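Please walk me through this structure, piece by piece.

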Amino acid sequence: MALRLYDTLTREKRDFAPINPDRVTMYVCGPTVYNYAHIGNARPVVAFDVLFRLLRRIYGEDHVVYAANVTDVDDKINAKAAAEGVPIDVITRRYLDAYHADMSALGALRPTFEPRATQTMDAIIAMIERLIRNNAAYQAEGHVLFNTAAYSDYGKLSRRPMDEMIAGARVDVAPYKQSPADFVLWKPSKPGEPVWDSPFGPGRPGWHIECSAMIEQNLGLPIDIHGGGNDLIFPHHENEMAQGMCADHVPTYANYWLHNGFLNFGDEKMSKSLGNVVLVHDLVTRTPGEAIRWALLSAHYRQPLSWSEDLLDQARRSLDRFYGALERAADVEVAEPAPSAEFLDALEDDLNTPRAFAELHALADRLEKSVGGDRAVAKAGLLGSARLIGFLGAEPKAWFQGAADPALAARIETLIADRAASRAARDWAKADAIRAELTALNVEVMDGATGATWRMREKT
RNA sequence: GGCCUGGUGGCGGAGUGGUGACGCAGCGGACUGCAAAUCCGUGCACCCGAGUUCGAUUCUCGGCCAGGCCUCCA
């Protein structure tokens with residue numbers, strides 16, 4: 001089966017056909033680096049990482065170009081910098097470093113490009129100049145505004161009837177706007193804010209223009225895939241598309257618009273403004289990143305996902321199952337891991353990760369139950385499939401014992417040796433006492449035919 | 001007010017016009033000095049109403065409920 005993706009613009013699942021199979025282009029809206037990322041922010045990163053990996057497999061590693069922007073000019077960054085009395089780059093560097101570390105812990109590959117707004121200023125200004133020249137933008141009171149009337153398809157992506165929307169909008173309309181829907185491309189900086197020179201006067205870019213300029217600069221319009229959270233459909237992506245189309249007169253902006261559903265926490269979405277956030281930065285200190293990744297992919301990317309401790313716990317148990325199966329199959333030689341046909345089929349069906357996960361379970365079952373050569377086939381399929389999307393890359397021993405530091409591990413090994421001696425002497429009371437001691441250390445001991453193995457229990 | 005999602009078993013979550021994935025938890029059994037893991041078996045669902053149909057959880061319409069967007073937001 002060929003790759004099929006659900007496109008927000010046409011609201012249908014379509015066969016994916018890149019403009020140029022030698023250079024497949026994908027852009028995803030990235031972070032504004034003024035704070036740590038929460039798991040809701042991590043959802044698109046992980047979901048589109050799966051797509052990136054799948055595209056690399058289909059078209060070749062060197063034939064997929066993936067860009068994700070870093071917004072490092074923003075009101076909240078300015079506010080934070082002012083509050084701490086430091087330049088904005090102190091803030092942005094701190095949170096960008098943390099972002100990279102956190103997303104890496106979740107198994108996300110780095111995008112090919114991570115353009116930063118502050119380093120895209122020339123392209124931004126050039127694009128605004130072109131928009132003005134094309135009569136798609138106008139200047140007013142130190143601002144440059146996009147003229148939505150210049151783009152007849154404005155509202156098409158979000159399917160918003162513009163006249164009705166304006167009537168019901170809760171937005172205060174700035175007096176210098178020709179139409180309430182017009183949006184800022186360039187605006188004057190307030191005192192103390194970062195400022196850039198431009199033909200339109202000193203100031204800084206509006207929110208939407210950086211993405212269009214980065215796409216143009218790093219990928220070239222039109223692009224194959226544009227991704228982001230579904231809250232960005234309007235106004236951000238609507239505006240991006242309008243700008244790009246009017247600036248470059250391209251036939252399309254992006255051929256496939258992909259939007260992930262939201263992660264909810266309780267009854268509401270998780271958001272920084274609501275304050276109900278779980279930071280990845282905190283979570284990774286007490287939970288394996290792989291389990292967080294599994295939890296994030298346990299629902300289809302377009303569906304809402306309810307975040308809970310129980311979800312994480314279930315994710316850990318699933319991975320326990322797989323690593324356990326691999327541990328028991330340590331003796332099975334695998335020439336070359338390769339994903340199974342059913343697994344690829346599930347992923348190619350608009351990234352159906354739940355179905356793909358079901359196939360991983362089927363492969364693990366085969367690995368446990370079959371004998372002889374079938375085991376090698378199952379192991380190759382399990383490893384090849386799981387690793388394609390960033391799972392089961394660790395050694396089973398590291399998965400089960402990774403939470404123990406070397407000193408603790410040494411102590412555990414000593415206790416287990418003592419217990420083995422007691423068991424050999426059939427001193428069950430002492431053996432059980434040692435087991436109790438290990439349990440107190442959060443360690444579970446498993447007696448097997450070839451001796452005891454152990455693992456750290458999940459924290460409760 | 002406008003627009004957009006979604007409502008599946010105790011929980012998570014696919015999918016389908018007709019034999020009701022998959023996982024976790026539960027229950028029974030095998031195995032085990034104990035325990036875990038593993039294996040075998042097992043119960044449980046498709047928000048409500050109407051329509052279309054031989055037949056709907058799946059299609060259509062109408063409700064109800066929940067969430068999101070229209071303002072920074074993944």
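Tyr6 stands opposite Lys13, a residue of strand S2. This is a predicted model. The strands involved are S1, residues 4–7, and S2, residues 12–15. They pair in the antiparallel sense, over four bridges. Four residues lie between the two strands of this hairpin. Arg11 takes a positive phi there, near 55 degrees.

Now look at the faces of S1. In a regular strand, side chains alternate between the two faces of the sheet. In S1, Leu5 and Asp7 make up the covered face. Arg4 and Tyr6 make up the uncovered one.

Next comes a sheet of three strands. This sheet is open, and its order is S12-S11-S13. The pairing is mixed. Its edge strands are S12 (268–269) and S13 (305–307), each of which pairs on one side only. S11 covers residues 263–265 and runs antiparallel to S12, with two bridges joining them. In one pairing, Asn264 has Lys269 of S12 as its bridge partner. A helix packs on this sheet: H1, residues 39–59. H1 touches S11, S12 and S13. The direction of H1 makes about 160 degrees with that of S11.

Which residues of H16 are buried? They are Ala431, Ile434, Arg435 and Leu438. Seen down the helix axis, these buried residues fall within an arc of 105 degrees, so they line one face of H16. What do they pack against? Their partners are helix H15 (406–424) and strand S14 (443–448). The other side of H16 has exposed residues: Ala429, Ala436, Thr439 and Ala440. After H16 comes Asn442, with a positive phi near 75 degrees.

Finally, step back to the whole chain. The domain assignment divides chain A into domain 1 (4–269), domain 2 (321–398) and domain 3 (403–456). How far apart are the C-alpha centres of domain 1 and domain 3? They lie 54 Å apart.

Methods:
Residues numbered from 1 in each chain as written. Chains lettered and ligands numbered in written order. Predicted model: local features only at pLDDT ≥ 70, side-chain atom pairs only at ≥ 80, totals over all residues. Buried ≥ 20, exposed ≤ 12 C-beta atoms within 10 Å, placed from the backbone. Pairing = 2+ DSSP bridges. Arc of directions from axis to C-beta. Contact = placed C-beta atoms within 7 Å. Axes fitted to C-alpha atoms, helices over the stretch in contact; angles between N-to-C directions. Domains from an automatic or database assignment.
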